[in-house]
Amino acid sequence: MNNLQKIGNVIKKINLANLIDELEKQQEIAYKLEYMNDENMEEIQKELVQEAKQSCTRLLAEHLDGFLTNIPGAVFEDWIRHLHPDNADYDDGRIDHRFYVEDSDHRHMWNEEMEKIDCIERIVDSRHILPAYNHKPAA
């Protein structure tokens, strides 16, 4: 092999090594971009969840306001029956037990409204109620 061929082979090896180094750098950049994209997507998803919660809360508040305007003497259970009839369809006339738990958004909203309109006697305390399982028979 002459010197020119030897030099050519060395240059090929150097070019190949440089190409491999460049590809590795590009892959590292791609990983960083993917990580940043994942973080952005998580943030966007959190924002969408927050917007959905706010929208639902606004709709619940509007419904409660309209309900109390139409039926000013209503109690919490009346509102739940009107808002969620599927959660008040039990033989014994109860509403779903989950509306009474400490963290019930519905109960909190109801109680805030009762305080606002000075009807503290209609405030609903959290309580543990056994679930009802017997739905009313279909009509």
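Excluding residues up to four places away in sequence, N87 touches R94, I95, D96, R98 and F99, where contact denotes heavy atoms within 4.5 Å. The model is a predicted one, in which local features need pLDDT of at least 70 and side-chain atom pairs count only at pLDDT 80 or more, whereas totals for chains, interfaces and linings use all residues. Residues are numbered from 1 along each chain as its sequence is written, and side-chain values use heavy atoms, with hydrogens and water left out. N87 is placed in the loop between α2 and α3; helices here are DSSP runs of H or I with at least four residues, strands are runs of E with at least two, and both are numbered from the N terminus. N87 counts as buried because its relative accessibility is 14%, the classes being buried under 20% relative accessible area, exposed over 50% and partly exposed in between, for a 1.4 Å probe and protein chains only.

The largest nonpolar core comprises 17 residues, of which L64, L68, F76, W79, I80, I95 and W110 touch the most other members. Such a core is a set of buried Ala, Val, Leu, Ile, Met, Phe, Trp, Tyr and Cys residues joined through side-chain atoms within 4.5 Å. At least two residues of this core are supplied by each of α1 (3–70), α2 (76–83) and α3 (105–116). The largest share, four residues, comes from α1. Beyond residues up to four places away in sequence, F76 touches I95, F99, Y100, H106, R107, W110 and V124.

The packing of α2 and α3 is considered next. Two packed helices are described by the angle between their axes and the distance between the axes. For α2 and α3, the angle is about 130° and the axes are 11 Å apart; axes are lines fitted to C-alpha atoms, for helices over the stretch in contact, with angles running from 0 to 180 degrees between N-to-C directions. α2 is therefore oblique to α3, given that angles under 35 degrees count as roughly parallel, over 145 as roughly antiparallel, 65 to 115 as roughly perpendicular and the rest as oblique. The contact is formed by F76, W79, I80 and L83 of α2 with H106, R107, M109 and W110 of α3. By class, six nonpolar, one polar and one charged residues make up the contact of α2 with α3.

A74 occupies the loop between α1 and α2 and is buried, with a relative accessible area of 1%. Apart from neighbours within four places in sequence, A74 is in contact with F67, L68, W110 and R122. A74 and E39 are 35 residues apart in sequence, and their C-alpha atoms are 47 Å apart in space.

The segment after α3 includes K136, which counts as partly exposed because its relative accessibility is 43%. With neighbours within four places in sequence left aside, K136 is in contact with A88, D89, Y90 and D91. The C-alpha atoms of K136 and H106, 30 residues apart along the chain, are separated by 23 Å. D118 also lies in the segment after α3 and, at 61% relative accessibility, counts as exposed. The phi of D118 is near 60°, a positive value in a residue other than glycine.

Key: Nonpolar A, V, L, I, M, F, W, Y, C, P; charged D, E, K, R; others polar.
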